[in-house]
Amino acid sequence: MKRWMTLTIFTGALLMTTLAPAGETPQPGSTTKKSFGKTPDGQPVDLYVLTNKSGAEGSITNYGGAVVSLKVPDRSGKLADVVLGYDTADGYVNDKSYFGALVGRYGNRIGHAQFVLDGKTYTLAKNNGENSLHGGIKGFNKALWKAKTFSKKDCQSLELSYLSKDGEEGFPGNLKVIVTYTLTDANALRIEYSATTDKKTVVNLTSHSYFNLAGQGSGDILGHLLTIQADKFTPVDASLIPTGEFRDVGGTPFDFRKPTAIGARIDRDEEQLKLGNGYDHNFVVRRSADTGESLAARVVEPASGRVMEVWTTEPGVQFYTGNFLDGKTPGKGGVAYPRRNAFCLETQHYPDSPNQPKFPSVVLNPGERYNTITTYKFSVEK
Ligand code: BGC
């Protein structure tokens with residue numbers, strides 16, 4: 001009894017240092033927990049507001065682990081929310097675009113919704129034509145994650161965990177997943193993914209934020225200047241499955257090795273752009289080191305001066321220009337999100353890797369740990 005009381009008092013003290021009371025304006029260098037609604041079966045959903053010492057703020061819900069808002073300064077210090085999203089959990093329950101979500105067990109497509117491991121064929125749900133997309137019908141984006149918060153001297157963290165059971169959506173093995181979001185005082189949002197399994201399986205986790213550095217709901221992203229550190233991309237077929245080819249970007253609209261407006265070539269009469277309805281392709285990240293994070297992409301929004309760099313340990317980045325957004329589902333504050341009003345830079349292994357012998361492996365064995373890091377660093381250009 002005494003031990004229980006000591007534990008309760010200790011836990012309470014720890015929580016008080018990390019969680020500011022709900023309803024209060026978040027203090028710099030704090031994390032606030034708020035109610036965000038309920039799941040369809042009535043479980044409470046929370047929103048964690050991480051505020052850094054310079055006033056930038058990231059809000060994340062434990063429903064789908066989605067980044068709900070991300071407020072970063074422009075060159076005059078004015079904050080804008082640079083990600084698309086919804087005001088309540090209901091929006092995420094009904095969402096079909098994966099706004100801000102944690103995507104798993106397999107980010108992007110698996111061709112014909114099946115793959116073979118050790119001679120056994122695993123069949124997944126076809127939720128995208130003939131293919132499986134983003135983990136299936138109930139991917140990690142529709143799961144309620146367990147949450148813990150941590151506060152350190154120069155950052156605020158939210159640790160989310162989820163057990164994806166053996167057979168869930170057709171994938172083998174009980175997969176224990178932990179994703180830690182950290183907002184640093186230097187205006188970076190770091191996402192650390194880790195997973196272990198008790199049976200051989202495939203894993204490819206990513207974050208599906210839709211960015212608009214001018215502010216969500218403020219129009220299209222065609223004027224944003226993009227650099228992607230990639231000499232090659234993986235062309236796709238009509239169902240957006242990679243053909244297996246690694247194609248040089250040189251001389252194609254996929255050459256973003258120098259800063260180029262996203263819209264400069266997007267409507268060109270080019271086979272791959274037509275297939276993707278714009279950009280919806282995996283780029284092979286040029287690694288700057290064998291280990292650790294490499295710069296994958298840099299985006300500048302000229303009017304506000306906001307800059308976002310994407311650093312990752314992953315071998316690929318899916319650049320998607322919101323070609324399937326249709327403006328019909330109201331987002332935060334009731335704003336509409338029409339086609340190409342945001343872009344995604346999803347760091348991950350290449351689509352359809354389980355079926356592509358030339359692509360880096362996505363197999364996870366028992367006793368191994370899946371560990372990847374991606375950091376979105378925000379700054380300004382004068
Ligand atoms: C895919 C797109 C898809 C979008 C939303 C992206 O990762 O590449 O084809 O429409 O996610 O699901």
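Visitor: Strands are DSSP runs of E, at least two residues long, and helices are runs of H or I, at least four, both numbered from the N terminus. With that in hand, where does Asp118 sit?
Guide: Asp118 is in the loop between strand S9 (114-117) and strand S10 (120-123). This is a predicted model, where local features need pLDDT of at least 70 and side-chain atom pairs pLDDT 80 or more, while totals for chains, interfaces and linings use all residues. Numbering starts from 1 along each chain as its sequence is written, and side-chain values use heavy atoms, without hydrogens or water.

Visitor: What is phi of Asp118 near?
Guide: Phi is near 50 degrees there, a positive value in a residue that is not glycine.

Visitor: Which peptide bond is cis?
Guide: The one from Gly104 to Arg105, with omega near 0 degrees. Arg105 belongs to the loop between strand S7 (101-103) and strand S8 (109-110).

Visitor: On to the ligand. How many residues surround it?
Guide: 14 residues surround the ligand, each with a heavy atom within 4 Å of it. The closest are Arg109, His134, His208, Asp280 and Glu346.

Visitor: How does that shell divide?
Guide: Into six nonpolar, five polar and three charged residues. Here Ala, Val, Leu, Ile, Met, Phe, Trp, Tyr, Cys and Pro count as nonpolar, Asp, Glu, Lys and Arg as charged, and the others, including Gly, as polar.

Visitor: What is 2.6 Å from an oxygen atom of the ligand?
Guide: A polar side-chain atom of Glu346. An N or O atom in the side chain of Asn108 is 3.0 Å from a ligand oxygen. For Gln318, a side-chain N or O atom is 3.2 Å from an oxygen of the ligand.

Visitor: How much of the ligand does the protein bury?
Guide: Taken alone, the ligand exposes 310 Å², and the protein buries 94% of that. Such areas come from the Shrake-Rupley method with a 1.4 Å probe.

Visitor: New topic. What is the order of the five strands in the open sheet?
Guide: S20-S19-S22-S25-S26, with antiparallel pairing. Two strands pair if DSSP finds at least two bridges between them. Strand S20 (247-248) and strand S26 (344-348) are the edge strands, each pairing on one side only.

Visitor: How many bridges join S22 to S25?
Guide: Five bridges join S22 (residues 280-285) to S25 (residues 316-320), and the two run antiparallel. Within S25, Phe319 stands opposite His281.

Visitor: And what is the order in the open sheet of nine strands?
Guide: S12-S13-S14-S15-S28-S24-S23-S18-S21, again with antiparallel pairing.

Visitor: Why is one side of S12 and of S21 left without a neighbour?
Guide: Strand S12 (146-152) and S21 stand at the edges with a single partner strand each, so one side of each has no neighbour in the sheet.

Visitor: What does S18 pair with?
Guide: S18 (residues 225-228) pairs with S21 (residues 260-261) over two bridges, in the antiparallel sense. Leu226 has Thr260 as its bridge partner in S21. Four bridges also join S18 to S23 (residues 294-300), antiparallel too. There, Ile228 stands opposite Ala297.

Visitor: How many bridges join S24 to S28?
Guide: Seven bridges join S24 (residues 306-312) to S28 (residues 370-380), which run antiparallel. Arg306 stands opposite Val380 in S28.

How values were computed: A polar contact is a pair of N or O atoms within 3.5 Å; within protein, one must be able to donate a hydrogen and the other to accept it, and residues adjacent in sequence count only if both atoms are side-chain atoms.
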